[in-house]
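Okay, thanks everyone for coming.

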Amino acid sequence: MKSVEFKTQIANFQYSEILKFIESQSFPVGWKETNFLKELRKKNSIYFIAYDIPDKIRNFHEHKKVLLNNKIIVGYAGVWFHKEFSEIVSVAVLQNFRRLGVGNLLINELIDYVNSNKKVKMINLEVGKKNFKAISLYKQLGFKENGYRRKYYLHDGDDAILMSLKINY
Ligand SMILES: CC(C)(COP(=O)(O)OP(=O)(O)OC[C@H]1O[C@@H](n2cnc3c(N)ncnc32)[C@H](O)[C@@H]1OP(=O)(O)O)[C@@H](O)C(=O)NCCC(=O)NCCS
């Protein structure tokens with residue numbers, strides 16, 4: 001089963017609790033729900049969610065915490081805009097829905113969205129050196145390594161790899 005079964009939309013503030021839930025399954029340290037609320041209301045950030053409808057998901061009752069507006073939210077990805085640059089802030093997929101193409105679908109949506117803003121020339125991101133799954137996902141979508149920050153992540157001392165994708169050239 002691959003991502004063709006999932007849909008995407010831009011998230012609004014209603015989804016902050018669900019984003020927080022998915023984030024808490026995905027990262028050792030994270031934001032509070034109020035941080036997500038601020039993010040979802042900011043003018044220079046956009047978050048996409050990936051979802052499916054409950055009838056199509058077996059045992060959907062197990063996923064009540066991610067159910068809203070008759071959608072099961074399975075992942076999110078967010079981007080910030082700073083003039084001609086943008087930065088992927090975060091991407092996370094609910095554990096039971098990983099390796100189904102959701103991460104790829106979400107980052108592709110972000111790239112398309114950023115691409116439609118002709119001023120933006122580059123999408124940047126940081127990823128932990130040990131996070132081989134995410135590095136592989138970004139490389140699959142054309143991101144190239146272009147820098148390094150030693151011991152960047154305080155919780156585990158991992159180095160950060162900087163990656164970027166040129167667009168609108
Ligand atoms: C990284 C993450 C978002 C990937 O989401 P996903 O929906 O499982 O990824 P996809 O199914 O779209 O996979 C896309 C590619 O990523 C890589 N990948 C994803 N999971 C992988 C795994 N378990 N092992 C190896 N490669 C993996 C592969 O290259 C994969 O392509 P392929 O399936 O054609 O081989 C997900 O694992 C996650 O939420 N991790 C925790 C949060 C996180 O680390 N976010 C990134 C912060 S920078």
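I'll go through a helix pair, then the ligand, then a couple of loop residues. Keep in mind that this is a predicted model.

Helices first. H1 covers residues 16-26 and H2 covers residues 33-41; their axes come within 8 Å and cross at roughly 125 degrees. An angle from 65 to 115 would count as roughly perpendicular and one over 145 as roughly antiparallel, so H1 and H2 end up oblique to each other. The crossing of H1 past H2 is right-handed. Who makes the contact? On the H1 side you've got Ser16, Glu17, Leu19 and Lys20, and on the H2 side Glu33, Phe36, Leu37 and Leu40. Sort the residues in that H1 and H2 contact by class and you get four nonpolar, one polar and three charged.

Okay, the ligand. It has 19 residues around it, and the closest are Arg98, Gly103, Asn104, Ser136 and Leu137. Strand E5 (85-93), helix H3 (102-115) and helix H4 (132-140) each put at least two residues into that shell. H4 gives the most, with five. By class, the shell around the ligand is nine nonpolar, seven polar and three charged residues.

Asparagine 70 sits in the loop between strand E3 (67-68) and strand E4 (71-82), and its phi is near 60 degrees, which is positive even though the residue isn't glycine. Lysine 83, in the loop between E4 and E5, has a positive phi too, near 50 degrees. Buried or exposed, then, for asparagine 70? With 9 other C-beta atoms within 10 Å, asparagine 70 is exposed. Lysine 83 is exposed, also with 9 other C-beta atoms within 10 Å.

Key. Residues are numbered from 1 along each chain as its sequence is written. This is a predicted model: local features need pLDDT of at least 70, side-chain atom pairs count only at pLDDT 80 or more; totals for chains, interfaces and linings use all residues. Axes are lines fitted to C-alpha atoms, for helices over the stretch in contact, and angles run from 0 to 180 degrees between N-to-C directions. Helices (H or I, at least four residues) and strands (E, at least two) are DSSP runs, numbered from the N terminus. Angles under 35 degrees count as roughly parallel, over 145 as roughly antiparallel, 65 to 115 as roughly perpendicular and the rest as oblique. A crossing is left-handed if the near helix is turned anticlockwise from the far one by less than a right angle, and right-handed if clockwise. Two residues are in contact if their C-beta atoms, placed from the backbone, lie within 7 Å. Ala, Val, Leu, Ile, Met, Phe, Trp, Tyr, Cys and Pro count as nonpolar, Asp, Glu, Lys and Arg as charged, and the others, Gly among them, as polar. A residue is near a molecule or strand if its C-beta atom, placed from the backbone, lies within 6 Å of it. A residue is buried if 20 or more other C-beta atoms lie within 10 Å of its own, exposed if 12 or fewer, and partly exposed in between; C-beta atoms are placed from the backbone.
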